Amino acid sequence: MIKHLLSGGDLDADTATEILDTAAEMATVAGREIKKLPALRGRTVVNLFYEDSTRTRISFEAAAKRLSADVINFSAKGSSVTKGESLKDTALTLQAMGADAVVVRHPASGAPHRLANWVDGSVVNAGDGTHEHPTQALLDAYTMRSRLGRLAGLSVAVVGDVLHSRVARSNVLLLTTLGAKVTLVGPPTLIPVDIAGALAPGTDVSYDLDSVLPNVDVVMMLRVQRERMNDSYFPSAREYARRYGLDGPRMRRLPEHAIVMHPGPMNRGMEITPEVADSRRSTIVEQVTNGVSVRMAVLYLLLGGNNR
Amino acid sequence: MTAYLITSVSVVGAAPTDLLIRDGVVAEVGPGLSAPDATVVDGAGLVALPGLVDLHTHLREPGREDAETVESGSRAAALGGYTAVCAMANTSPVADTAGVVEQVWRLGREAGLVDVQPIGAVTVGLAGERLAELGAMADSAARVRIFSDDGHCVADPKLMRRALEYVKAFDGIIAQHAEEPRLTEAPRCTRVRSPPGSA
Amino acid sequence: MAYPPAARPSPPRQPSVKVILASADVQRVVDRIAHQILEKTQGAADTVLLGIPTRGTPLARRLAERISTFEDVVVPVGVLDITLYRDDLRRHATRAVGPTELPSGGIDGKRVILVDDVLFSGRTVRAALDALNDVGRPASVQLAVLVDRGHRELPIRADYVGKNIPTSLAESVKVTLAEVDGVDEVKLYGGATS
Amino acid sequence: MHEGEVSTRLGLIGWPAVAEEAIIARDVLLAEHVGSRLHVCHVSTAGSVEVLRQAKTRGVRVTAEVTPHHLLLTDERAETYDPVFKVNPPLRTAADVAALRAALADGVIDVIATDHAPHAVEDKECEWAYARPGMLGLETALSIALDVLGPEWDLIAERMSRTPARIAGLTGHGVDPAPGVPANLTVIDPAARRTIEPTELASRSRNTPYARMTLPGRIVATFLRGEPTVLDGKAIK
């Protein structure tokens, strides 16, 4: 079993499948009267969040508490102005407090990897800069599998600002490992120049959303920051929505069984319209619930045994 | 000054020979030399090269003596086989005036380990907006000949042209840090750190 | 059967293997336990069988099937995974979590009979009781095991025992079942030859 | 770091080769137009080599330097996110390294220059994005030249002594030891091999990218105008 979860690429097919299967078992806990399992009793999980993200933090907090772990939230809303503590000193502090696992979200890519050098416990990457967000990819895969029954052979379109998307990177790596075929769609300015070679061979790129929609099983819409406009990645929000937004008519060109996913939070009216977000194809709400089960599975598989 | 006799050394890869150093110069080069007053250095299997010269070094002094000083940098250079190094201008204060370049030059002489030739900034404060007093630095005791905003690119084409032209008067050279800043701008990634006292 | 005197340290040799229950015996023992359950529970009303993976699960199904052939009563069967409740979780690499499937009628107010292949230290049963506690509130809990090899470390005993096998700690008991291993058999390995 | 497959995989902001090549192309044209000399610092890409080659064939008075780390290391080093490998211009690809080595051999690149950039520990022991770019180089440059070029002493003397001295106008330096010449020289043991230990370096900083690497060659002695600055491998003062 692995010690840290820093990238979608850390997981081979068997390990990833074991996490998804374990998550399925963990999901049954949610239906119980007593939503508790003793597996991590006495373990300490620290949520170290340098970016405010209640959605991800409460998901990890719920997961850890359901497994009876002690949770310490450490939201370091520091700013470049305050001369605060370095990442290394924060890590040594957590180490001194006996943290068994550190769940870290940080605006700088690679921060979790540096942290892993300074703590003995396990490090879980909850989103680092524009690099990766592996538990998001796992809950996405879990959602696809539970909705469509399989992952191998699935055709998945990931649409939007791939260049800055840690969710896209983790998904490309994990889905390819699990045998799905990924097509990246978006304006050329928001697709990295050599994404296939860099991440996963066999990844396709398309600049035309309408040509891709009819033959995919999953379309994952990525959040697009409006501020990107000021950096002229695209001329205007309206043009972006017109060419790459998922609206009703486009949704109806999807195959009957196809599902629509979004990591949230959504820009309704930008990359996705309310009609699509609230349709029965949309898995946006269940992605959140699945997130807790998947994170329970990850924490259990990292901390449950003596994999020191 | 002590004399030194380096025996059976290969000068720049040539056949091994003896090399006598006396009064600051190479006195003799040839086989079977003898110099009773000289300290002998066994050069068997070794290669003698002209002292290395580094066109591009950061000695950090003045300003960041915690990272390096002219003396510690000079010592590292000597241990690397250097006898002269050119010190870049991105110190604090920036070496964009005769005063600072002379300070660096003097620190080099005091250290006495390698010749330290200061490089003058092309623009004031390395900001890429106004030419620094290149003439004053050229005429200073440091006799600056190379000018560079290294660490930053002289991005404005007109200013770069002016700089290239202006230094022709004293046979100067502009050393460009080639990086179009508009293509390498990183988005303002604010350096987040946990606020003090919240650890 | 008294324990044999401590053997002189004999030269190391192949651990001895002894077949305690051949496949026909296993089937007879299962039938006997089924009858005992029917007798003790007066017809197995409001009773649920929960198998403890891995081999408790097929045993529970066989018991339910035999009970329904002896008397016309359908005893619901479920599976209770205890991995997350084990007290030695931290001593081994992380274990895979198995499925827990409760019968549709649930277990609240029911008589639950836990079924496992071998009763030894009793720690598995304790974990099963913890797991049971989190999934419902049965009226009562009983325990049926194919083999009881002694060496209890907790105050736990079985209500239905297929075969008592006195063993030394140097020995090990291996139960194989057709559904899992292709053959019904109980073997005793190693230690002193009785 | 270098914009390419590795930066895409690591999610780090890339610094494309074209950003260097565009400026070099512009500046050689400017220098040619005003008829002045230009020196290009730390050339790092194959494309830059081609721009310089064309300029030189047109007779532009341009000289160029390459650093030891751009002759030896590639962008894969950033995969641990250890900022000791963060430098500006960034480490590039194997193809760039090969092009730089060839250019150094055939003279399109005139000199090796270290871009020795000491940094305090706290400026390197942090997140990649916040770390300051730069690597130590003075104490390892000749070993890397030997490693990359082999025992080509004349070529090494040309690229690391004669030509830089001429460009910088440093009379008395860059002259092969011969009777009457100022005794500015260094003596190297080419057969020696040493493993780089950051704490043993004379520099006040430790940010060498060659930690625990074994490199050929060790400086035995260095003389500055006849005075020894290094004897028996140790600094005199």
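## Burial and overall form of chain A

Of the 308 residues in chain A, 61% are buried. Keep in mind that this is a predicted model. The secondary structure of chain A is made up of 12 helices and nine strands. Chain A is as compact as a globular protein of its length, because its radius of gyration of 19 Å is close to the 19 Å that the globule rule gives for 308 residues. Taken along the principal axes, a box of roughly 55 × 45 × 35 Å holds the C-alpha atoms of chain A.

## Surface and charge of chain A

Chain A exposes about 11100 Å², and 51% of that area comes from carbon and sulfur atoms. As for charge, chain A carries 35 positive and 33 negative side chains. The centres of these two sets are 4 Å apart.

## Domains from the record

For chain A, UniProt gives "domain: Aspartate/ornithine carbamoyltransferase Asp/Orn-binding" at residues 153-302, in an unreviewed entry. That span of chain A is 37% helix and 13% strand, with its end C-alpha atoms 29 Å apart.

For chain C, an unreviewed UniProt entry lists "domain: Phosphoribosyltransferase" at residues 20-166. Here the span is 31% helix and 22% strand, and its end C-alpha atoms lie 11 Å apart.

Now let's zoom in on chain B, where helix H1 covers residues 70-79. H1(B) is largely enclosed by the rest of the structure, because nine of its 10 residues are buried. Among the buried residues are B:Val70, B:Arg75 and B:Leu79.

What do the buried residues of H1(B) pack against? Within chain B, they pack against strand S7 (82-87), helix H2 (98-111) and strand S8 (115-118). From chain D, strand S5 (214-224), strand S6 (227-231) and strand S7 (234-235) join in. After H1(B) comes B:Gly81, which has a positive phi near 95°.

## One residue in that helix

B:Ser74 is a residue of H1(B). Is B:Ser74 buried or exposed? Its relative accessible area is 0%, so B:Ser74 is buried, the cut-off being under 20%. Setting aside neighbours within four places in sequence, B:Ser74 is in contact with B:Ala111, B:Leu113, B:Val114 and B:Val116.

Note on methods: Residues are numbered from 1 along each chain as its sequence is written. Chains are lettered from A and ligands numbered from 1 in the order in which they are written. This is a predicted model: local features need pLDDT of at least 70, side-chain atom pairs count only at pLDDT 80 or more; totals for chains, interfaces and linings use all residues. Side-chain values use heavy atoms; hydrogens and water are left out. Helices (H or I, at least four residues) and strands (E, at least two) are DSSP runs, numbered from the N terminus. The radius of gyration is taken over C-alpha atoms; the globule rule is 2.2 Å times the number of residues to the power 0.38. Buried means under 20% relative accessible area, exposed over 50%, partly exposed in between (1.4 Å probe, protein chains only). Accessible areas come from the Shrake-Rupley method with a 1.4 Å probe; for residues, only the protein chains shown count as cover. Lys and Arg count as positive and Asp and Glu as negative; His and the chain ends are not counted. The place of a charge is taken as NZ of Lys, CZ of Arg, CG of Asp or CD of Glu. UniProt positions are given in the numbering used here, feature names are shortened, and annotations may be inferred rather than shown by experiment. Contact means heavy atoms within 4.5 Å.
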